[in-house]
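Here are my notes for a first look at this model. Please read them with the structure open.

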Amino acid sequence: MTYSGTQVQQWDPRTGSQLARFDAATLLPPASDGTPPEQRMGIRVYPAENQLAVTIFGDPTIRIVDLTTGRVTGTVTAADHLGVQFDRDGRAFALLRQGSVVELWRRDPPRRDIGPLYSLTDIGGTPWYAGFMPDGRYLIAANNAVRIYEIGTPPPVDSYEFGRPDGSRQTTPYSFISASRDGSTVLYADEDGVGGPLALDPAVWQRGLCEAIGHRGFTDAERAPLPVPAPTRPVCPAS
């Protein structure tokens with residue numbers, strides 16, 4: 001499935017032939033100010049065959065649409081939202097509010113479960129990534145951190161904080177471009193554009209660190225500039 005502007009197309013991945021086409025602009029009321037249709041709505045894939053979630057900015061109703069018929073098959077009501085993402089079962093969804101604030105909701109009955117969370121963006125508009133994982137957890141990579149939330153558990157169930165390599169306390173504008181489907185790896189870049197895939201695996205980080213420092217403990221001089229307190233126990237297992 002692909003979309004450009006308000007035009008949504010479904011393709012056969014084997015033959016490349018078009019299976020269906022839908023113009024989401026048909027759901028829009030007339031514009032009084034001449035704003036183009038693509039600037040008045042958002043389109044997301046809905047986790048059911050041939051289904052889309054269509055957001056019309058300023059309208060509290062999120063429409064679930066069958067792109068093969070153009071018919072609205074369901075709705076979700078959420079005031080003042082800018083965008084929506086559904087989990088793979090359609091039983092939970094994430095709302096993007098003004099200021100790039102995220103809330104996690106249960107759908108039946110509709111109720112906010114987590115949030116509002118911190119804004120995903122800073123004053124510089126640093127890129128961020130957020131999305132549901134296949135197991136229903138929700139990953140947010142923004143504000144120099146990767147946090148994973150689980151519906152029903154308000155605090156993050158997993159969290160990774162990114163500090164500056166020079167140890168200073170200043171804000172580091174790490175960009176997060178994407179994440180693997182299972183949330184085990186994020187694609188990031190630092191303020192100089194240097195980065196790449198990063199596995200969210202502390203055991204891998206520990207092995208790399210211990211190889212770099214020769215499997216010894218930290219000195220006091222090395223501990224002082226670290227962005228977070230170093231553990232008092234040995235970092236590296238005895239060889």
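1. Ground rules. This is a predicted model, where local features need pLDDT of at least 70, side-chain atom pairs count only at pLDDT 80 or more, and totals for chains, interfaces and linings use all residues. Residues are numbered from 1 along each chain as its sequence is written, and side-chain values use heavy atoms, with hydrogens and water left out.

2. Pocket lining. The second largest pocket is lined by 21 residues. A pocket here is an open set of points on a 1 Å grid over the protein atoms alone, where a 1.4 Å probe fits, with protein on both sides within 12 Å along at least five of seven lines; lining residues have an atom within 4 Å of a point. Nearest its centre lie Arg-44, Phe-86, Gly-131, Phe-132 and Arg-181. β12 gives the most to this lining, with 4 residues. Strands are DSSP runs (E, at least two residues), numbered from the N terminus.

3. Salt bridges. The count comes to 10. The rule asks for a side-chain nitrogen of Lys or Arg within 4 Å of a carboxyl oxygen of Asp or Glu. Arg-216 pairs with Glu-222, with the closest N and O atoms 2.7 Å apart. Salt bridges with shared partners join Arg-97, Glu-103 and Arg-112 into one network.

4. Burial. Glu-103 and Arg-97 meet in a salt bridge at 3.1 Å, N to O. Glu-103 is buried, at 6% relative accessible area, and Arg-97 is buried at 14%. Buried means under 20%, exposed over 50%, and partly exposed in between (1.4 Å probe, protein chains only). Arg-91 and Asp-89 also form a salt bridge (3.0 Å, N to O). Arg-91 is exposed at 60%, while Asp-89 is partly exposed at 46%.
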